[in-house]
Amino acid sequence: MSWAAHEFENYFIQKHVDVKASFLAVVLGTQLPDLFTKSFVYAADNPAKFHRGWPGVGFTHSLIFGFVFAISILAVTKSRSWALGVLIGQWAHVLTDFADSAGTMPFFPFSVEPVTIDMWKHAAAEGRYGDAAAYYSSLGGVWDAFWLVMVLVFARSTLRPEYFRSTIVPADPKVWSWLHRRLRLPEVGLLLVYWGFFFYGLGRLTAWFLYARTDADATLSLVWGGPEWVDGNDLSDAGLVEVLVRTTVGGVLFAAFVWLCWKVFIKRLWDRGVDPPVVERGPGIHAAFGPPSSPRS
Amino acid sequence: MTSSPPVEGLPRAHWFVVTFVVYVALALVVKSTVLNWIIGPLWLLITLFLVPNLFRRVRRRVVSD
């Protein structure tokens, strides 16, 4: 599993969706796969299997989970910004987590084959603290640092107060003004909430890394598939070809399923959906990313 | 292009450094209390807005009494 990467991703994603998705929805999406399950993972007999496998709650780390959640949001709230934000955030989480040894099942239920690049070991079997020590002694910690650098290099502007004012609030005026009114938070309070997720990512990265080097006294193991001192938690012993075939079949079936849903009912939901005044969506992929976008200068 | 007005009441940069150091130090001692999805993201709001505001309010009340 990835740790602080899920906090940093939010800002990187926001940079690319601009006003077309709500930041808070992206945050909800990136946290969604672990939101209701993480506390049970460490208590499970086989944490990796429970967290990422089937049977288990591995379906939370599949693309269809975010898809269903996003459609439900669109149907209930009519908010395109929230539906898109949750979808993109959740999909980012799924794609980020396939780097560990347990992997994810992106095309569940069409394929229950875990997809993984085995970059570091899923170490939930060691308990929360052991997991943290293993993660921040392996390339997992590097993965977090990579996302931090990505934000600082390519999405630095998202951390500026002007960005919050010109993009984050206009992309989701209802929720931010609700927070302003209901919780009596002035602009500075709302800005601190916005910055809070970046702060949390940086704070947990630093704290857990220091914990791994001090209390846990864990040896750094910056090799592919490390750390060597933790038992692996691979969920499948299928060979590369087998994984490729199953995943490809699952991916094709998933794409067909999404297309069918779009034709049957999602397009209708999307057409009756609403956007904040500042948003102007382009065709195809430009409905979510890049230009043609808002009329803002 | 005109620059937008500054955010009113925004703490100076060194306060962010102070609260970060406090957060990390506290996290090393009481991990599960601080390193969680509720306290973590709200830490800045709590330490740089809510607590100072509460402190100012209490001080105002004490002075007026």
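A salt bridge is a side-chain nitrogen of Lys or Arg within 4 Å of a carboxyl oxygen of Asp or Glu. In this predicted model, A:R52, A:D97 and A:D100 are linked in a network of such salt bridges, and the count over all chains comes to 10. The contact between the two chains draws on 32 residues of chain A and 27 residues of chain B, and about 2600 Å² of area is buried between them.

**Salt bridges within chain A**

- Side chains of opposite charge can pair when their charged atoms come close.
- One of the salt bridges joins the side chains of A:E113 and A:R246, with a nitrogen-to-oxygen distance of 2.4 Å.
- This pair links distant parts of the chain, as A:E113 sits in the loop between α6 (80-97) and α7 (127-135) of chain A while A:R246 belongs to helix α12 (residues 240-271), 133 residues apart.
- The two partners can also be described by their accessibility, A:E113 being buried with a relative accessible area of 5%, whereas A:R246 is partly exposed at 37%.
- A:R246 also forms a salt bridge with A:E242, and here the closest N and O atoms are 2.7 Å apart.
- Both A:R246 and A:E242 lie in helix α12 of chain A, where they are 4 residues apart, or about one turn of the helix.
- An α-helix has 3.6 residues a turn, so residues three or four places apart point the same way.
- A:E242 is partly exposed, with a relative accessible area of 38%.

**The salt bridge between the chains**

- Across the interface of chain A and chain B there is 1 salt bridge, and it is formed by the side chains of B:K31 and A:D215, at 4.0 Å from N to O.
- A:D215 lies in the loop between α11 (187-213) and α12 of chain A and B:K31 lies in helix α2 (residues 31-34) of chain B, so this pair joins two chains.
- A:D215 counts as exposed, because its relative accessibility is 57% and the cut-off for exposed is over 50%.
- B:K31, by contrast, is buried, because its relative accessible area is 9% and buried means under 20%.

**The wider interface**

- Of the area of about 2600 Å² buried between chain A and chain B, carbon and sulfur atoms give 78%.
- On the chain A side, A:L192, A:F199 and A:Y200 lose the most area to chain B, and together they make up 28% of what that side buries.
- The interface also holds 3 residue pairs in polar contact, with both residues of each pair at pLDDT 80 or more.
- Four helices of chain A, namely α2 (23-35), α7, α9 (161-171) and α11, each supply at least two residues of the side that touches chain B.
- Helix α11 of chain A gives the most to that side, with 19 residues.
- By class, the side of chain A that touches chain B has 18 nonpolar, 5 polar and 9 charged residues.

**A kinked helix in chain B**

- Helix α3 (residues 39-64) of chain B has a kink of about 45 degrees, which is centred on B:I46.
- The buried residues of this helix are B:G40, B:P41, B:W43, B:L44, B:L45, B:L48 and B:F49.
- These buried residues of α3 of chain B pack against α11 of chain A, together with α1 (13-29) and α2 of chain B.

**Two further residues of chain A**

- A:Q14 has its place in helix α1 (residues 5-17) of chain A, and A:Q14 is buried, with a relative accessible area of 0%.
- When its neighbours within four places in sequence are left aside, A:Q14 is in contact with A:A21, A:S22, A:F23, A:V26, A:Y163 and A:I168.
- A:V258 is found in helix α12 of chain A, and A:V258 is partly exposed, with a relative accessible area of 22%.
- Although A:V258 and A:F67 are 191 residues apart along the chain, their C-alpha atoms are separated by 8.5 Å.

Terms used. Residues are numbered from 1 along each chain as its sequence is written. Chains are lettered from A and ligands numbered from 1 in the order in which they are written. This is a predicted model: local features need pLDDT of at least 70, side-chain atom pairs count only at pLDDT 80 or more; totals for chains, interfaces and linings use all residues. Side-chain values use heavy atoms; hydrogens and water are left out. Buried means under 20% relative accessible area, exposed over 50%, partly exposed in between (1.4 Å probe, protein chains only). The bend at a residue is the angle between axes fitted to the seven residues ending there and the seven starting there. Contact means heavy atoms within 4.5 Å. Buried area is the accessible area (1.4 Å probe) that two parts lose on being put together, summed over both. A polar contact is a pair of N or O atoms within 3.5 Å; within protein, one must be able to donate a hydrogen and the other to accept it, and residues adjacent in sequence count only if both atoms are side-chain atoms. Ala, Val, Leu, Ile, Met, Phe, Trp, Tyr, Cys and Pro count as nonpolar, Asp, Glu, Lys and Arg as charged, and the others, Gly among them, as polar.
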